Amino acid sequence: MEGSIDLGDHSLTIGAGAAVTADLVAKTITISGSVRGTVMATEMVDLRATGSVDGDISTPKFVMADGATARGKIDPQENYDCR
């Protein structure tokens, strides 16, 4: 998948084995696959053990499991509105 994914007030899940090159915007984002791009969530980003992000992450709550990788800036802003 390449491009931009904007789900606004909905949740987004990137499954294990998926490779996404896109900017992601959603209420909650769960990542088990590979993401290259900016990740913005209004509530939470959950980076699972098999997940990786190569790009900046902006969210008020960030959860990262052992084994996950993140390259980029993580901005845990309060009341972040990515619209």
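At 12% relative accessibility, Asp46 counts as buried (under 20% relative accessible area; exposed is over 50%, partly exposed in between; 1.4 Å probe, protein chains only). Asp46 forms a salt bridge with Arg48, with the closest N and O atoms 2.9 Å apart. Arg48 is partly exposed at 39%.

This is a predicted model: local features need pLDDT of at least 70, side-chain atom pairs count only at pLDDT 80 or more, and totals for chains, interfaces and linings use all residues. Residues are numbered from 1 along each chain as its sequence is written, and side-chain values use heavy atoms, with hydrogens and water left out.

**Fold**
- The protein has 0 helices and 10 strands (DSSP runs: helices H or I, at least four residues; strands E, at least two; numbered from the N terminus).
- Buried residues make up 40% of the 83 residues.
- The C-alpha atoms fill a box of roughly 30 × 25 × 20 Å along the principal axes.

**Salt bridges**
- The count is 4 (a side-chain nitrogen of Lys or Arg within 4 Å of a carboxyl oxygen of Asp or Glu).
- Lys27 pairs with Glu43, closest N and O atoms 3.6 Å apart. Lys27 lies in strand β3 and Glu43 in strand β5, so the pair ties together parts 16 residues apart in sequence.
- Lys27 is partly exposed at 26% relative accessibility, and Glu43 is partly exposed at 41%.
- Arg36 forms a salt bridge with Asp54 at 3.3 Å between the closest N and O atoms. Arg36 is in strand β4 and Asp54 in strand β6, 18 residues apart.
- Salt bridges that share partners join Arg36, Asp54 and Arg71 into one network.
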